[in-house]
Amino acid sequence: FHVLVNKIATAVKSSDDEVKKNLVCSYGTLAKDDDGNLIGATIPAGMSLDAFYPYTRNYKTVYVGGKECNCFLFYKRTRDMDSKEFSRLLEGTISEAKNLGIETLSKEEVSSILAQWGDSDEIQAS
């Protein structure tokens, strides 16, 4: 995953952190609390959550007390994803890399790596 993040960042002339954030927010899993509720935050417009948590997506703007605020959803960190969630992230990352002409591992090689990482019954390589 991190090798492809670096190759994508090089191809699009961006930082690894920015590419990883975009991939996690595009293909990752929304964070939930122990009761299954989505985790998010509402903060004044113009402020950034990046210093506090890297994987957020602004999904709407609201007005609180007459002040413009942005509502963010949080995504799981890669280290907190289960094998199925990480598999989906990796598949999206591979797709992005291929769209940029970046060489990737075969489906079989990816499946083998994921099987070593987690429960192979949960993994569905596409």
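**Entry 1, the pocket.** I started with the lining of the largest pocket and asked which helix gives the most: α4 does, with 4 residues. I kept in mind that this is a predicted model. Besides α4 (107-117), I found α1 (2-12) and α3 (83-99) each supplying at least two residues of that lining. For the volume of the largest pocket I noted about 240 Å³. Its lining has 14 residues, and I wrote down the closest to the centre: F1, L4, L90, L105 and I113.

**Entry 2, the salt bridges.** How many salt bridges are there? I counted 2.

I took D50 and K21 to begin with; their closest N and O atoms are 2.8 Å apart. This pair links distant parts of the chain, 29 residues apart. I placed D50 in the loop between β1 (40-44) and β2 (56-64), and K21 in helix α2 (residues 16-27).

Is K21 buried or exposed? I found 16% relative accessibility, so K21 counts as buried. D50 has 43%, so I put it down as partly exposed.

Then I turned to K76 and E85, which form a salt bridge with the closest N and O atoms 2.9 Å apart. K76 counts as partly exposed because its relative accessibility is 23%. E85 comes out at 11%, so I logged it as buried.

Note on methods: Residues are numbered from 1 along each chain as its sequence is written. This is a predicted model: local features need pLDDT of at least 70, side-chain atom pairs count only at pLDDT 80 or more; totals for chains, interfaces and linings use all residues. Side-chain values use heavy atoms; hydrogens and water are left out. A salt bridge is a side-chain nitrogen of Lys or Arg within 4 Å of a carboxyl oxygen of Asp or Glu. Buried means under 20% relative accessible area, exposed over 50%, partly exposed in between (1.4 Å probe, protein chains only). On a 1 Å grid over the protein atoms alone, a cavity is a set of points where a 1.4 Å probe fits but cannot get out, and a pocket is an open set with protein on both sides within 12 Å along at least five of seven lines; lining residues have an atom within 4 Å of a point. Grid points are joined across faces, edges and corners, and a volume is the space filled by probe spheres set on the points.
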